[in-house]
Amino acid sequence: MDHAIAFQDYEASALAAIAAAKSAAEIEEVRIEFLGKKKGRLKDLQAVVGQVSADLRPAVGKLFNEVRDKVTAALEAQQALLRKPKKSLTAIDISLPGQPVLLGKRHPLAQTMEDFKDIIGRFGFIVADGPEIEDEYHNFKALNIPEDHPARDPLENFYLATASYAAGGPVTPRLLRSQTSTVQIRVMEKQQPPIRIVSLGRVYRPDTIDATHSCMFHQMEGLMVGEHVTMAQLKTVLRLFATTYLGQDVTIRFRPSFFPFTEPSVEVDMSWGKDWLEIGGAGMIDPNVLRAVGYDPEKVSGFAFGLGIERFCMRRHQIRDIRRFYENDLRFLSQF
Ligand code: DAH
């Protein structure tokens, strides 16, 4: 047979068969017939190439390759087309329930802080904010914490290698605040009494992490300054706050203690029966602190408190390990 006719015949019938194939099985049959490696029409065509004279063989071989590639491409295109699922309106069952939209939730600590602001707001305390990166003045000095106090030990704090070192400028060490008491100073620097604020946020300490300790946790700081602010008011505010959040069966105890920025100072514990749990510190603002912000301790007095937010939240929800809060495990978080 004339090789040109053989090529034309092969190509035309292959392309027609490919176009006519309507299923994966049919296109597979076409593939075997026209492109099969062992036998079939391609093998026959190869035999035709073998029969032409030696001088024509290079040109005919090239033609063979072209025709084979063209048929292969057409076959692959049809295979792809047959694999695609058919779009059809009847394929949608509109009576099926829709995909539920997954709604996020607030983190249990964020919820607790909202509750705290809500409750303490009823006593007239408004929310103030302060930076988490602090200088030593606001974290220690203005709070009457002397240079040699153990709380200022670099090993007890997260000091930062800040830009002021790098620039060779005046060295103003900065640290991640170790307490929210810093916000007391920042507020009093800007405002005159009467003051009634709370500040909620993160604090950082390089504690060894275990079920009750974390190197980052949250506090709520409270501050009230005015002409006749008393310890009795402090105790009332804390007692009412705790019973509103945790229930009437909680008992609050004030234990004498010491903080450089309060005098007298108390440690606040709470209990439901027998065990006592420490929840924070409080006291009457030390005159040195009032003087540091330019207030006259003869004219105004004030109280302050700092509460651990995780402790309250753990107690309320019977959470036994503080680390659960920070692991982002949805099995835990979705319970709140
Ligand atoms: N800042 C203290 C701490 O982190 C807690 C504290 C104690 C805050 C007494 C106060 C206070 O405002 O008056 O341990």
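**Cores and strands of the predicted model**

Of the 40 residues in the largest nonpolar core, those touching the most other members are M220, F303, F305 and F312. A nonpolar core here is a set of buried Ala, Val, Leu, Ile, Met, Phe, Trp, Tyr and Cys residues joined through side-chain atoms within 4.5 Å, and buried means under 20% relative accessible area, with exposed over 50% and partly exposed in between (1.4 Å probe, protein chains only). Helix α9 (residues 231-246) gives the most to this core, with seven residues; helices (H or I, at least four residues) and strands (E, at least two) are DSSP runs, numbered from the N terminus. A second, separate core holds 22 residues, including F140, V225, Y295 and V300.

This is a predicted model, in which local features need pLDDT of at least 70 and side-chain atom pairs count only at pLDDT 80 or more, whereas totals for chains, interfaces and linings use all residues. Residues are numbered from 1 along each chain as its sequence is written, and side-chain values use heavy atoms, with hydrogens and water left out.

F305 is worth a look in the viewer. Leaving aside its neighbours within four places in sequence, F305 is in contact (heavy atoms within 4.5 Å) with I120, V198, M220, E221, G222, L234, V237, L238, G281 and A282.

Strand β6 (residues 216-226) is mostly covered, with eleven of its eleven residues buried. In a regular strand the side chains alternate between the two faces of the sheet. In β6, M216, H218, M220, G222, M224 and G226 point one way, while F217, Q219, E221, L223 and V225 point the other way. Strand β5 (residues 195-204) runs antiparallel to β6 and is joined to it by ten bridges; G201 has Q219 of β6 as its bridge partner. Eight bridges also link β6 to strand β10 (residues 301-308), again antiparallel, and V225 finds its bridge partner in G302 of β10.

Elsewhere, three strands form an open antiparallel sheet in the order β2-β4-β3, where two strands pair if DSSP finds at least two bridges between them. Its edge strands, β2 (133-135) and β3 (158-160), each pair on one side only. Three bridges join β2 to the antiparallel strand β4 (residues 174-176), and E134 stands opposite L175 in β4.

D135 also lies in strand β2. D135 counts as buried because its relative accessible area is 18%. Beyond its neighbours within four places in sequence, D135 is in contact with P173, R174, L175 and R186.
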